[in-house]
Amino acid sequence: MFESVEPAPPDPILGLTEAFKEDPSPGKINLGTGIYADDTGKTPTLECIKAAEKVVSETATSGGGYLPMTGLAEYNRDVVALLFGEESEIPASGRALAAKTPGGTGGLRVAADFIARIKPGARIWMSDPTWANHNGIFTAAGLELATYPYYNHETKALNFDEMVATLKEVPAGDVVLFHACCHNPSGMDPNAEQWNQLADLAAERGFLPLFDFAYQGFGTGIEEDAFGLRAFAEKGMELLVASSFSKNFGLYNQRTGAMTVVTRTAEAATVAMSHVKLAIRVNYSNPPAHGARLVAAVLADSDLRRVWEQDVATMRNRINGVRQQFVETMATKTDKADFSFVATQCGMFSFSGLNKEQVLELREKHSIYIVGSGRISIAGITSANLDPLCSAIAAVL
Ligand code: LMR
C-alpha cells in the first residue's frame, strides 16, 4: 500500500526548520518559524514560568485521571478574562466559555470542526495573505474557503477599503477569520476606528467572526492587543476565538491554547460547548494539563502576573528594537530598496517584500531560511546574525 505513495510537500513553515537542521553551513540562520529568541539566540523559559514550575510541582500531581474534555476549569476562566478584560461583563455573564486546546492550532481545528458540525459545508473567508496553515486546517475540516483582500504589496499597507468592499458581500452564516493582532504574515493590523467599522459590518451582515489570537502582548500591550475582538464582543454578537499561549508565555512545546465560544446567552454557550466537546473527543479526547497549570499558577498570583507582564514587555521591546536595527542596517547595505516600512509593522514578523526567487537564493547561497512569502521572523534576529542577514538580503535584491 505504501510503495506507490508520492512524498508530501514539506510544510511551508515547520519544514524550513527540518531543512535548516540538515544544512551543514556553520553560518546558517533560521528565521522561518515564529519562535522568540533572546539576543543570544536562545528561546528562554520566562521568569514567571520558572516560578510557576515550582508552584505546580508542589501542588499538582501527574497522577489522577483524565481532565475533562474541555481541560482545567480555572485555566478556561483565565482565558476568558484575558480575552475580554477583567472589567468586561462577559466573563461573569456565562456567555463566553473556553475549552483548553493543544496550542492555537488545536483551537483553530476545534473551531473548524465545531463550525462543520453545526453548519456542514460552511464557507470561511480568510485574509489574503494569511498564515500558511489556515488553509490546510479549514480544508481538513471540510469548510469551503474564500479570501478577502487585506494587504497591498505596492503600498505595504492595509487594503482596508477593498477588504470592507468584499466583506460587505459576505452573506449571513458565513465565517470570517480575523487575526486579532500582529497579523501573520503581514504585521499590519486595522486601527481602532477600522476595528469598530469591521465590528459594525459583522453585526449588520450577520457573518460569524472567528479570531485567531496568537500574539496577545506582542503588538502594543496585553490589553491593547485585544481591542479588535473586544470591539466585536461588546456589541453582544456571537464569535469564536482560537488563542495561544505559545508565544506570550513561551510555552511552545506545551501546546497551550484555547477555543472560546461567545454566544448571546449563557444557555446558548452551554449548548455550543456540548458540540465543542464532541469535536474535541474525536480529535484528542481531552487536553494535556501541564501548560494550563503553569498559566493558571501565574495568573492566580498578582506578583507572578506582574512578572509575566514584564516578561511580555521584554520580548515586545526587544522585537521592536530589532525592527529598528534591521531598518537602519539595511539602509547602510543598499539603496536598491527602502525597508523603513518594516518599522511600521508589528508582531514577530517582518513581511519583507522579498520574492520567491530571492527567498530561494537566500537559502541556497547564504543558508538563510525565511518563509516563501518573504516573511522573516524578526524575533530570531540577534546582534550576531543581523549584519550577515542584511548583507545577504542586499546581495539578493
Ligand atoms: C509561525 O507562523 O511561524 C508560528 O505560528 C508557528 C507555526 O506553527 O507555524
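# Briefing: ligand shell, salt bridges and backbone

P185 sits in the loop that runs between strand 7 and helix 8, where helices (H or I, at least four residues) and strands (E, at least two) are DSSP runs numbered from the N terminus. Its peptide bond with N184 is cis, with omega at about 20°, and N184 is also among the residues around the ligand. Please keep in mind that this is a predicted model, in which local features need pLDDT of at least 70 and side-chain atom pairs count only at pLDDT 80 or more, while totals for chains, interfaces and linings use all residues. Residues are numbered from 1 along each chain as its sequence is written, and side-chain values use heavy atoms, with hydrogens and water left out.

**Around the ligand**

- The shell consists of I13, T33, G34, W131, N184, Y215, K247, F349 and R375, a residue being near a molecule if one of its heavy atoms lies within 4 Å of it.
- Four of the shell residues are nonpolar, three are polar and two are charged; here Ala, Val, Leu, Ile, Met, Phe, Trp, Tyr, Cys and Pro count as nonpolar, Asp, Glu, Lys and Arg as charged, and the others, Gly among them, as polar.
- Domain 1 (14-45 + 316-396) and domain 2 (66-300) each supply at least three residues to the shell, with the bounds coming from an automatic or database domain assignment.
- N184 places a polar side-chain atom 3.1 Å from an oxygen atom of the ligand.
- K247 likewise has a polar side-chain atom 3.1 Å from a ligand oxygen.
- For R375, the distance from a polar side-chain atom to an oxygen of the ligand is 2.8 Å.
- The ligand has 260 Å² of accessible area on its own, and the protein covers 84% of that (Shrake-Rupley method, 1.4 Å probe).

**Salt bridges**

- The model holds 12 salt bridges, each one a side-chain nitrogen of Lys or Arg within 4 Å of a carboxyl oxygen of Asp or Glu.
- One of them pairs R123 with D174, at 2.8 Å from N to O. Because R123 is in strand 3 (residues 123-128) and D174 is in the loop between helix 7 (160-167) and strand 7 (175-179), this bridge links parts that lie 51 residues apart in sequence.
- D174 is buried at 6% relative accessibility, whereas R123 is partly exposed at 25%; buried means under 20% relative accessible area, exposed over 50%, and partly exposed in between (1.4 Å probe, protein chains only).
- Another bridge joins K235 and D200, also with an N to O distance of 2.8 Å. K235 belongs to the loop between helix 9 (227-233) and strand 9 (239-244) and D200 to helix 8 (residues 192-205), so parts 35 residues apart in sequence are tied together.
- Both partners are partly exposed: K235 has a relative accessible area of 42%, and D200 has 39%.
- E309 and R305 form a bridge at 3.0 Å, N to O. The two residues are four apart in helix 12 (residues 302-333), so about one helical turn separates them.
- E309 is partly exposed at 34% relative accessibility, while R305 is buried at 18%. Through shared partners, salt bridges connect E86, R305 and E309 in one network.

**Backbone details**

- Most residues other than glycine have a negative phi, and most peptide bonds are trans.
- A cis peptide bond is found between D128 and P129, where omega is about 10°. P129 is part of the loop between strand 3 and helix 6 (134-140).
- S285, although not a glycine, has a positive phi of about 70°. This serine lies in the loop between helix 10 (266-283) and helix 11 (290-300).
- S367 is not a glycine either, yet its phi is positive at about 55°. S367 is in the loop between helix 13 (356-366) and strand 12 (368-369), and it is buried, with a relative accessible area of 9%.

**A contact across the sequence**

- L143 lies in the loop between helix 6 and strand 4 (144-149), and at 7% relative accessibility L143 is buried.

Notes
A polar contact is a pair of N or O atoms within 3.5 Å; within protein, one must be able to donate a hydrogen and the other to accept it, and residues adjacent in sequence count only if both atoms are side-chain atoms.
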